Amino acid sequence: MFDYDTAMADPESHIFTNVSQTNNSLAQSEYDYMYDDFGTQVYSSDLVMKVVFKKRKVNNNCLTTITFAKYVTIDNYVELIDDIGIEYQDYSFAMEGKEYLQKKLEGALDRE
């Protein structure tokens, strides 16, 4: 007979693939708003750059444009440009760390 409780408690069991065995995600996500896209902690006095990139690609005679933004501290700006490529940069502007933290906490950056 199948014992549901034993199967749920067994971390080696592959029956329940969508059940996470760790509960760290709640503790980590509580303060995720304090970090930029490179994982650097943002302080109120920091300068945060919003960098918007546009990538265009032709597939089956159809032009596809992908636009996305990354938020990084001024210290990580050059590294971000090197990683993605300056040819894809559309525009960028700076904001205060205090404003970035407030918008990130409210979820306003996700809606842009």
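This report covers the fold and the aromatic rings of a predicted model.

## Ground rules

Residues are numbered from 1 along each chain as its sequence is written, and side-chain values use heavy atoms, with hydrogens and water left out. In this predicted model, local features need pLDDT of at least 70 and side-chain atom pairs count only at pLDDT 80 or more, while totals for chains, interfaces and linings use all residues.

## Overall fold

The protein has four helices and three strands. These are DSSP runs, numbered from the N terminus: helices are H or I with at least four residues, strands are E with at least two. Along the sequence the pattern reads α-α-β-β-α-β-α.

The protein has 112 residues, and 23% of them are buried. Buried means under 20% relative accessible area, exposed over 50%, and partly exposed in between (1.4 Å probe, protein chains only).

## Aromatic pairs

There are two aromatic pairs. Rings of Phe, Tyr and Trp (its six-membered ring) pair if their centres lie within 6.5 Å; planes under 30 degrees apart are stacked, over 60 edge-to-face, and the rest tilted.

F53 and F68 are stacked, at 5.5 Å centre to centre with 25 degrees between the planes. F53 sits in strand 1 (residues 47–59) and F68 in strand 2 (residues 62–73), 15 residues apart. F53 is buried, at 0% relative accessible area. F68 is partly exposed, at 24%.

Y71 and Y100 form a tilted pair, because their ring centres are 5.8 Å apart and their planes at 40 degrees. Y71 lies in strand 2 and Y100 in helix 4 (residues 97–106), so the pair ties together parts 29 residues apart in sequence. Both Y71 and Y100 are buried.
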